[in-house]
Protein chains: 2
Amino acid sequence: MNTVQGTREYLLKYDIKPSMQRIAIMDYLMEHRVHPTADEIYNALYPTMPTLSKTTIYNTMKLFSEQGAVKALVIDEKNVRFDIDTSSHAHFMCLGCGCVYDLPIENQEAMQLEGVGELMITEIHLYYKGYCKKCAEENRKNILL
Amino acid sequence: MNTVQGTREYLLKYDIKPSMQRIAIMDYLMEHRVHPTADEIYNALYPTMPTLSKTTIYNTMKLFSEQGAVKALVIDEKNVRFDIDTSSHAHFMCLGCGCVYDLPIENQEAMQLEGVGELMITEIHLYYKGYCKKCAEENRKNILL
DNA sequence: CTTTGTGCAAATTCTTTGCACCAAA
DNA sequence: TTTGGTGCAAAGAATTTGCACAAAG
């Protein structure tokens, strides 16, 4: 089956009416699992959809989040990122190039909190910051110069 | 010893020249461990320091972060928060009232990543979102109405 | 003096809102 | 024909920048 067909079904599963724009956006998220920002999604889709507006990206991401089809990622202080992988996993953000990777969580159960009966936990976020291999090497070079 | 005196020494420890503004801001952070935003710091200090500007808050927080005297907290998608507790601990943010609490980490060593030799990790952030006791109760009420 | 800190005003950037138009049921 | 989706233009909010003045050594 082609991607768009799978995307349509995925949207329906979350009670989201599959419009052209919504399919294109979700399709992009499914194929580019780099936790893009609204701006990155817009820039990627604009060439083939020149009538697309950023408002639609924001509207759509809000809808997707509310329906549980994507998760908003607050890591970067500049912009919110979006993740279609709604399963529990960690993230790594490179302070050099700004890219955000997925990381498997080793001890997932260790993250369960104890003694917080008072709190109603709905989301767990674990992320690491640092430098990816490439940026770490470039940093080293710059220091040597 | 009074707080301001301790604050001055704390700043010097991080190679930060203790100006009036910097002392006032650091002093506030030390006494109000609620991870305030720049705006909250400004509003708290403005009454007693009417010449204070938000630019100074931002300049100062940037300096403090660079010198390692505070940690920037990216949890809230609206604004960055600041934490003087630079030790490794988790945070909880209430989606109702927006408050951010500290949480002790149960299995701190469990957060160490394995198999990421390629990555240079400099920061670990763990946070939970949900509803605090008060907001959870109010939510329940609203649903019943 | 010379360096460093402060703060106003303006600029920038990300995101949201109001509103009109368009498309689908 | 009514509802919901799209997108322009403007508003809003958080943060940064340029610059001039003040303070400290």
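A backbone N or O atom of Val80(A) lies 2.9 Å from a phosphate oxygen of DNA strand C. This is a predicted model, in which local features need pLDDT of at least 70, side-chain atom pairs count only at pLDDT 80 or more, and totals for chains, interfaces and linings use all residues. Residues are numbered from 1 along each chain as its sequence is written.

| Protein residue | Protein atom | Distance to a phosphate oxygen |
|---|---|---|
| Val80(A) | backbone N or O | 2.9 Å |
| Gln21(B) | side-chain N or O | 3.1 Å |
| Asn79(A) | side-chain N or O | 3.4 Å |

Helices here are DSSP runs of H or I with at least four residues, numbered from the N terminus. The largest share, 3 residues, belongs to α4(B).

In total, 15 residues surround DNA strand C, and Tyr58(A), Ser19(B), Thr51(B), Ser53(B) and Thr56(B) are the closest. A residue is near the strand if one of its heavy atoms lies within 4 Å of it. By class, this surface has 9 polar, 3 nonpolar and 3 charged residues; Asp, Glu, Lys and Arg count as charged, Ala, Val, Leu, Ile, Met, Phe, Trp, Tyr, Cys and Pro as nonpolar, and the others as polar.

Conventions: Chains lettered and ligands numbered in written order. Heavy atoms only, no water. Polar contact = N/O pair within 3.5 Å; in protein donor to acceptor, adjacent residues only side chain to side chain. Helix = DSSP H or I, 4+ residues; strand = E, 2+ residues; numbered from the N terminus.
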